[in-house]
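Here is a short note to read beside the model. Please keep the structure open as you go.

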Amino acid sequence: MKKTCDLFWTFLKIGAFTFGGGYAMVALLEREFVEEKQWVSREEFLDMVAIAESTPGPMAVNSATYIGYKIEGVEGAVDSTLAVCLPSFVVIYLISLVFDRFLQLSVVASAFRGIQICVIYLILSAGLKMLKSLPRTPFNLIIVAGVVAAMVSCSVMAVSFSSLYYILLCGAAGVLLSLLKKLRKGGRA
């Protein structure tokens, strides 16, 4: 019960103070659950990020559901998901009451520009932390270099290419590598 309550308040806090969606939340989740509370290992956390990104739905909700379930089962998943969604729901509901007048305020426009910069930093920070913990194998380095090259090329040439394709291609490369390793072992035996 204590962990469930702690899960709820932690995700409520993260949901209330994270702007920019799931990627911006990754650094906070890692600090809370891997470094401070040590409820999941770094490897489990990286698996959670991969699963949350590749399953349908918002990454923030998928992450909360995964961590909640991992720590406290179904009750933890429900509490974590509710907690991470509640702040956004309340803010959006309040904004919807005065939406037209809200957008016309120059302070709001300036605040959103500032938040955009913060979101870029949070996403970059999370990506660099995950990159640092990635084993430095030739395969991983080739995949990272290939994805970065593809992303930069698509951006420079203004080609719209969904990140879902990057995920699917990297997953296919991982499966192919696994099959090749199994074939090598089978050939030596």
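1. Ground rules. This is a predicted model, where local features need pLDDT of at least 70, side-chain atom pairs count only at pLDDT 80 or more, and totals for chains, interfaces and linings use all residues. Residues are numbered from 1 along each chain as its sequence is written, and side-chain values use heavy atoms, with hydrogens and water left out.

2. The core. The largest nonpolar core holds 24 residues. Such a core is a set of buried Ala, Val, Leu, Ile, Met, Phe, Trp, Tyr and Cys residues joined through side-chain atoms within 4.5 Å. Buried means under 20% relative accessible area, exposed over 50%, and partly exposed in between (1.4 Å probe, protein chains only). Phe11, Leu29, Phe33, Phe45, Met48 and Ile67 have the most contacts inside this core.

3. Who supplies the core. Two or more residues come from each of helix 1 (2-17), helix 2 (22-36), helix 3 (42-54) and helix 4 (59-97). Helix 4 gives the most, with seven residues. Helices here are DSSP runs (H or I, at least four residues), numbered from the N terminus.

4. Phenylalanine 45. Which residues does phenylalanine 45 contact, leaving aside its neighbours within four places in sequence? They are Val26, Leu29, Glu30, Val34 and Val40. Contact means heavy atoms within 4.5 Å.

5. Helix 3 with helix 4. Their axes lie 8 Å apart, at an angle of about 135°. Axes are lines fitted to C-alpha atoms, for helices over the stretch in contact, and angles run from 0 to 180 degrees between N-to-C directions. The two helices are therefore oblique: angles under 35 degrees count as roughly parallel, over 145 as roughly antiparallel, 65 to 115 as roughly perpendicular and the rest as oblique.

6. Helix 1 with helix 4. Here the axes come within 8 Å and cross at roughly 35°. The contact residues divide into 13 nonpolar, six polar and four charged. Ala, Val, Leu, Ile, Met, Phe, Trp, Tyr, Cys and Pro count as nonpolar, Asp, Glu, Lys and Arg as charged, and the others, Gly among them, as polar.

7. Glutamine 38. This residue sits in the loop between helix 2 and helix 3. Glutamine 38 is exposed, at 61% relative accessible area.

8. Aspartate 79. This residue is in helix 4. Its C-alpha atom is 10 Å from that of threonine 10, 69 residues apart along the chain.
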